[in-house]
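The structure is shown first.

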Amino acid sequence: MHEQGKILLGNMALVWAKVGRQPKQKDFRPPESSFSADAYVRRYGSWRKALEVFVAAANAGDTPNAVSNDLNPPPAPSPDKKLRHTPREPGWRLRFLVMRRDRFSCRACGRTPAIDPGVLLDVDHVEAWSKDGETVIENLQTLCQKCNVGKSDLPMNEEDKC
């Protein structure tokens, strides 16, 4: 492997370790990276090919020794801590699907912008995101802003309290 390739792969290993997952092109900016993602695309022809070369080199032990220890997977999380799989904010499509499912009305009070134009609707987590609720359609509901602000991170029903 050429020296430039080793430097790029060493940098990728550092970025991979810093972000704690397979890096994306947007992760290759200072201060995390000494090189932009474009350097990898120019060298390997595509971003995907650069990742493939890196994984092959890491599996073969061809990455620089100084960073090869960073390629080991991080320790398993403690059983008390749940790993998040979804971002806090739902995307536009998921927001639409939740609101359509709930007929564009508040699940708590029933208000809808179709009848009361001043009503603003939010997409809310049934099980609060701060309490390990995921951003999936089954855990989302439509609430008007008044109900959502009042609810905060509390459960909707009294029997849901722990």
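## Burial and surface

Of the 162 residues in the protein, 31% are buried (under 20% relative accessible area, with exposed over 50% and partly exposed in between; 1.4 Å probe, protein chains only). The accessible surface comes to about 10,900 Å², and carbon and sulfur atoms account for 53% of it (Shrake-Rupley method with a 1.4 Å probe; for residues, only the protein chains shown count as cover).

The model is predicted: local features need pLDDT of at least 70 and side-chain atom pairs count only at pLDDT 80 or more, while totals for chains, interfaces and linings use all residues. Residues are numbered from 1 along each chain as its sequence is written, and side-chain values use heavy atoms, with hydrogens and water left out.

## Secondary structure and contacts

The protein has six helices and two strands (DSSP runs numbered from the N terminus: H or I of at least four residues for helices, E of at least two for strands). Along the sequence the pattern is α-α-α-α-α-β-β-α. Of the contacts (heavy atoms within 4.5 Å) between residues at least 6 apart in sequence, 54% join residues at least 24 apart.

## Aromatic pairs

The whole structure contains five aromatic pairs (rings of Phe, Tyr and Trp, the last by its six-membered ring, with centres within 6.5 Å; planes under 30 degrees apart are stacked, over 60 edge-to-face, the rest tilted). Phe28 and Trp47 form an edge-to-face pair, 5.1 Å centre to centre with 75° between the planes. Phe28 lies in the loop between α1 (3-19) and α2 (37-44) and Trp47 in helix α3 (residues 47-60), so the pair ties together parts 19 residues apart in sequence.

Phe28 is buried at 3% relative accessible area, and Trp47 is buried at 13%. Together with Tyr40 they form one aromatic cluster. The charged end of Arg43 sits over the ring of Tyr44, 5.8 Å from its centre (the criterion is NZ of Lys or CZ of Arg within 6 Å of the ring centre and within 35 degrees of the ring normal).

## Nonpolar cores

The largest nonpolar core has 15 residues, and Met12, Phe28, Tyr40, Tyr44 and Trp47 have the most contacts inside it (a core is a set of buried Ala, Val, Leu, Ile, Met, Phe, Trp, Tyr and Cys residues joined through side-chain atoms within 4.5 Å). The elements giving two or more residues to this core are α1, α2 and α3. Apart from it lies another core, of nine residues, including Val98, Met99, Leu140 and Cys144.

Strand β1 (residues 121-125) pairs with β2 in the antiparallel sense over five bridges (pairing requires at least two DSSP bridges). Cys144 in β2 is the bridge partner of Leu121. In β2 (residues 140-144), five of five residues are buried. In a regular strand the side chains alternate between the two faces of the sheet. Leu140, Thr142 and Cys144 are on one side of β2, Gln141 and Leu143 on the other, and both faces are covered.

Asn148, in helix α6 (residues 145-151), is buried at 17% relative accessibility. Beyond its neighbours within four places in sequence, Asn148 contacts Asp122, Asp124 and Leu143.
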